[in-house]
Amino acid sequence: MTMPQITLNDGTKIPAIVFGTYKLNGASGVEAMKGAIDVGYTGLDSAFNYENEGALGKALRESGHKRESIRIASKLPGRHHAYDEALATIEESLYRTGVDYYDVYFIHWPNPKVGKYVEAWKALIEAKKRGYVQSIAVCNFLPEHLQRLLDETGVLPCINQIELHPYFPQDEARAWHKQHNIVTQSWSPLGRGNDILTNPVLEGIAKRVERSVSQVILRWHHQLGCVPLPKASSRKHQIENMSIFDFALTDEDMKAIATLARPGGRTANQDPAVYEEF
């Protein structure tokens, strides 16, 4: 199966589904990542704070695939937002993974209380000039944070990775991203710590289209124009999660799923306006 590609505002492309690697560490993490590449994932998302950049690099080397055929990403932690620290951290990310460049590098959180995210963004711009990274992006930024990046640097990220699922659809953020040609990536796309996988509305749609609830949710992300980041250790679920491109949800399905949004639907309880990540 050929994975559809999404074109970013810098002209590069990412796959329509990217494999999440949070909590995939050590030898078992390497095997899970190799398995994902083997079944057809061409994008893997990591982070300095996940402490699995080394596992990512080992999986990449042992996969048998050419480096340029797999798009890999990592993220700058909040404690290293100072300009020089940020550049050194990106270098360390490259050394850990054993690659010459990252396809995408993110600022993990804006940390507005610390107030150095513009400085960190300038470091990512420099890292791109140096060839450390091909594309620069952010996670968990609110529109006000993105606007400040634009105002102070003239450069917007190509991606904003945010928590997004049917209980927390992020309508305002998605609209801002679309207006400014920023791709929305969805972390926790299947929810976390809630009953979303047994929701009767989603179960009803899944039964009708003869798919799993997970596949229905991931297809919903795709039809919204978002790039979900599902994580799975088992080969069965890895294949299931990427098998969403041979069916479609109807307008009625999308409207029904839109009714599932909940006040306070965020599962992680981490508001980017106040949350500090180190």
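# Notebook: cavity, pocket and selected residues

I began with the largest cavity, which holds about 80 Å³ of space. I note at once that this is a predicted model, in which local features need pLDDT of at least 70, side-chain atom pairs count only at pLDDT 80 or more, and totals for chains, interfaces and linings use all residues. Residues are numbered from 1 along each chain as its sequence is written, and side-chain values use heavy atoms, with hydrogens and water left out.

**Entry 1. The cavity**

I worked on a 1 Å grid over the protein atoms alone, where a cavity is a set of points at which a 1.4 Å probe fits but cannot get out; lining residues have an atom within 4 Å of a point. Grid points are joined across faces, edges and corners, and the volume is the space filled by probe spheres set on the points. I found one cavity of 30 Å³ or more.

I listed its lining as I14, P15, V18, G43, L44, D45, R71, I72, A73, V104, F106 and Q185. Two or more of these residues come from each of β2 (13-15), β4, β5 and β6 (102-107). Strands here are DSSP runs of E with at least two residues, helices are runs of H or I with at least four, and both are numbered from the N terminus. I sorted the lining of the largest cavity into eight nonpolar, two polar and two charged residues. For this sorting, Ala, Val, Leu, Ile, Met, Phe, Trp, Tyr, Cys and Pro count as nonpolar, Asp, Glu, Lys and Arg as charged, and the others, Gly among them, as polar.

**Entry 2. R71**

I then looked up R71, one of the residues lining the largest cavity. R71 is found in strand β5 (residues 71-76). Its relative accessibility is 14%, so R71 counts as buried (under 20% relative accessible area; exposed is over 50% and partly exposed lies in between, with a 1.4 Å probe and protein chains only).

The R71 side chain comes to 2.5 Å from the backbone oxygen of K13. With neighbours within four places in sequence set aside, R71 is in contact (heavy atoms within 4.5 Å) with T12, K13, I14, P15, T42, G43, L44, D103, V104, Q134 and S135.

**Entry 3. The second largest pocket**

A pocket is an open set of points with protein on both sides within 12 Å along at least five of seven lines. I recorded a volume of about 220 Å³ for the second largest pocket. T7, R174, A175, H177, K178, N181, I182, V183, T184, L224, G225 and C226 form its lining. The elements giving two or more residues to this lining are α6 (171-179) and β9 (183-187).

Which element gives the most to the lining of the second largest pocket? I found that α6 does, with four residues. By class, the lining has five nonpolar, five polar and two charged residues.

**Entry 4. An aromatic pair**

I counted four aromatic pairs in the structure. Rings of Phe, Tyr and Trp (its six-membered ring) pair if their centres lie within 6.5 Å; planes under 30 degrees apart count as stacked, over 60 as edge-to-face and the rest as tilted.

Y117 lies in helix α4 (residues 117-130) and F141 in the loop between β7 (133-139) and α5 (143-153), so the pair ties together parts 24 residues apart in sequence. Y117 is buried at a relative accessible area of 5%, and F141 is buried at 2%.

I placed Y50 in the loop between β4 and α2. Y50 is buried, with a relative accessible area of 15%. Its side chain makes a polar contact of 3.4 Å with that of K75 (a pair of N or O atoms within 3.5 Å; within protein, one must be able to donate a hydrogen and the other to accept it, and residues adjacent in sequence count only if both atoms are side-chain atoms). Not counting residues up to four places away in sequence, Y50 touches T21, Y22, N25, D45, K75 and H108.

E51 is in the loop between β4 (43-45) and α2 (53-62). Is E51 buried or exposed? I found E51 exposed, with a relative accessible area of 67%. Its phi is near 55°, a positive value in a residue other than glycine.

**Entry 5. Q170**

I also noted a positive phi of about 55° at Q170, which is not a glycine. Q170 sits in the loop between β8 (159-163) and α6. Its relative accessibility is 18%, so Q170 counts as buried.
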